[in-house]
Amino acid sequence: MEQQQQIKRLRLVLFPLPLQGHINPMLELATILYSKGFSITLIHINFNSPNPSNHPHFTFHSIPHSLSEAEATTKDAISLITHLNINCVEPFKECLARLISNALDNESVCCLIADAMFHFTQAVADSLKLPRLVIRTTSATSFGIFPAFPLLLQKGYLPLQVSRLEEPVVEFPPLKVKDLPVMNMRNPEKFYELISRAVSETKASSGVIWNTFEELEQPALDSIAKQLSIPMFPIGPFHKYNLAYSSSSLLVEDQSSISWLNTQPPNSVIYVSFGSLAVLSEAEFLEIAWGLANSDQPFLWVVRPGSVHGSEWLEPLPNGFLENLGGRGHVVKWAPQQQVLGHLAIGAFWTHSGWNSTMESICEGVPMICRPSFIDQNVNAKYVSNVWKVGVQLENEILERGEIKRMIIKLMREKEGEEIRYRVSKLKDMAISCLKQGGSSYKYLESLVNHIHSLGH
Ligand code: UDX
C-alpha cells in the first residue's frame, strides 16, 4: 500500500525591535514570506506593539518588557535596546518554547527571524535547537563598518574627538570621521558593546536578510559575507513587491497630506521628515521653518509630536507663520510616507537619511537633501550625496536658514539638481527591475526560501 507522506507547513517566528524603522521592514518581510507559503508568527514586546488587526493572516504573541517608566522610551534608543536584550531573555524563551511545543500536527516551527540588534536571541535559539536568521534593517554599507570598530578605536578615530571630525577615514573612503556610524554620547562604551554583540551574534546566525539590492551595495555585501562567512540575502526593496501591505504605523497617518499634495503642481513640493527618533533643538526647528519659507517652494513637513526639545508640537513657530505663507506649507504630525513619496507633486525629500526613508525615496526616484542625526544615517547620507550622487548633504554642524534655502534651490531649480534627478530615476529603475523575474533580489528571495526549507529539515 502506498504510504502518503504528510507535508508539514513551515511556520516562521519573527521578532522585531519595537521601533518604527525596524517594525516596518519586519512586517514587510513577513508579508513577502507569507506570499511564499510560510505561516507567520510575530513575537513582540508590549511596548510600541504593532496592531494585530492590521495583519489578520499573522499570529501575534506579546511578551512583557519589565522596563521602568523611565526606561520605556525611545528618547535613548541605545539604552532601550540594551535593557531589552537583558529583560526579554526569559519571557522570549518561554514564549518561543511554547510555540515550538504547541505547533499543530501539520506544522513545524522551522526558523526564527530576529532583528540583528536582539543579539540575545541567538543563545535562546541555540538552546531550543532552532535555526536563527537575522534581519538587518540598515544599509549593508553602514553595518559593514561595525566589525572594524576595534580597529577604529585602536587607530584613535573612535571615540569621536572634535579635532578629528574632518579627517578622512582611509580604511573607508569617502567617509570622514564625522560620518562614522556612531552617536555623540557621553559614555559610548555601552554602544560599542551593543554593536560588538550584534556583530558576533550575526556571525553566529544562519544568514542575514537585507532590505537592499545587490546592485546598490555590492562592495559592502561582499565584504560582510567574507568577514562573517554566512549566507547573505539582499532581497530589497521590501515594500515594492507588489503585495497587499498593511500599514504598521505606530502613529496615525494624516491623509490630509495627500489631499493637500493633490492641489500642488508636479515636482514642486519638498517633503520634509526626520523619521521616528530624531529630535531637534528649538533653534534648529526655527531655522528649518524659515529656510522652507524663504525657499519659495511648497513644502509638506512632518513634525512628530515631541520631536522639538521642550515643545509639544508647533509652539515655537511665530504667530501666523503658516497662515502668512498662503497655503504654500502644510504641516502634519505623521504622514503616509510611501504614498507621499510616490505622489507626482513631490520634487525632493529632505530626510534624516534613515535607511527605510532612503530606500523609499530611491524607489520613487525622489532626490534627497540629507541631514543625518546619528549612527547609520551618517553613512547613508554620505553615500547618497558622494557615492550614488542622488542627493546633497547639509554638512555644516549648525543649521542655517540661508544654506537651507540654497540647497533647496540647487536641488529643485538648478542644473545640478536636474542631474541628480536623472541619476535617482536610473537608480529607481534598477531597484524595480531587480525584483522582476531573473533580477538579483528575485533570485536571492528564491535562494532564501530554499535556505529556510533546508533549515527546516
Ligand atoms: C532608524 C534608523 O535611522 C534607520 O536607518 C534604521 O534602519 C531604523 O531605525 P527611523 O528614524 O525610524 O529609523 O527612520 P527610517 O529608517 O527612515 O524609518 C522611518 C519609517 O517611518 C519609514 O518606513 C517611513 O515611511 C515611516 N514614516 C516616517 C511614516 O510612515 N510617516 C512619517 O511621517 C515619517
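**Contact between domain 1 and domain 2**

A salt bridge joins the side chains of Glu-364 and Lys-240, with an N to O distance of 2.7 Å. The model is predicted. Between domain 1 and domain 2, the count is 1 salt bridge. Polar contacts between the two domains number 7 residue pairs, with both residues at pLDDT 80 or more.

H1 gives the most, with 4 residues. By class, this side of domain 1 holds 11 nonpolar, 11 polar and 4 charged residues.

The domain assignment of the protein places three segments in domain 1: 9-145, 181-242 and 437-456. Domain 2 is given as 255-432. The C-alpha centres of domain 1 and domain 2 lie 29 Å apart. Domain 1 brings 26 residues to the contact, and domain 2 brings 23 residues.

The size of an interface is often expressed as the accessible area lost when the parts come together. Here, the area buried between domain 1 and domain 2 is about 2,100 Å². Carbon and sulfur atoms give 70% of that area. On the side of domain 1, the residues that lose the most area to domain 2 are Phe-213, Leu-216 and His-239. Together they account for 24% of what the domain 1 side buries.

Definitions and conventions. Residues numbered from 1 in each chain as written. Heavy atoms only, no water. Domains from an automatic or database assignment. Contact = heavy atoms within 4.5 Å. Buried area = accessible area lost by both parts, 1.4 Å probe. Salt bridge = Lys/Arg side-chain N within 4 Å of Asp/Glu carboxyl O. Polar contact = N/O pair within 3.5 Å; in protein donor to acceptor, adjacent residues only side chain to side chain. Helix = DSSP H or I, 4+ residues; strand = E, 2+ residues; numbered from the N terminus. Nonpolar A, V, L, I, M, F, W, Y, C, P; charged D, E, K, R; others polar.
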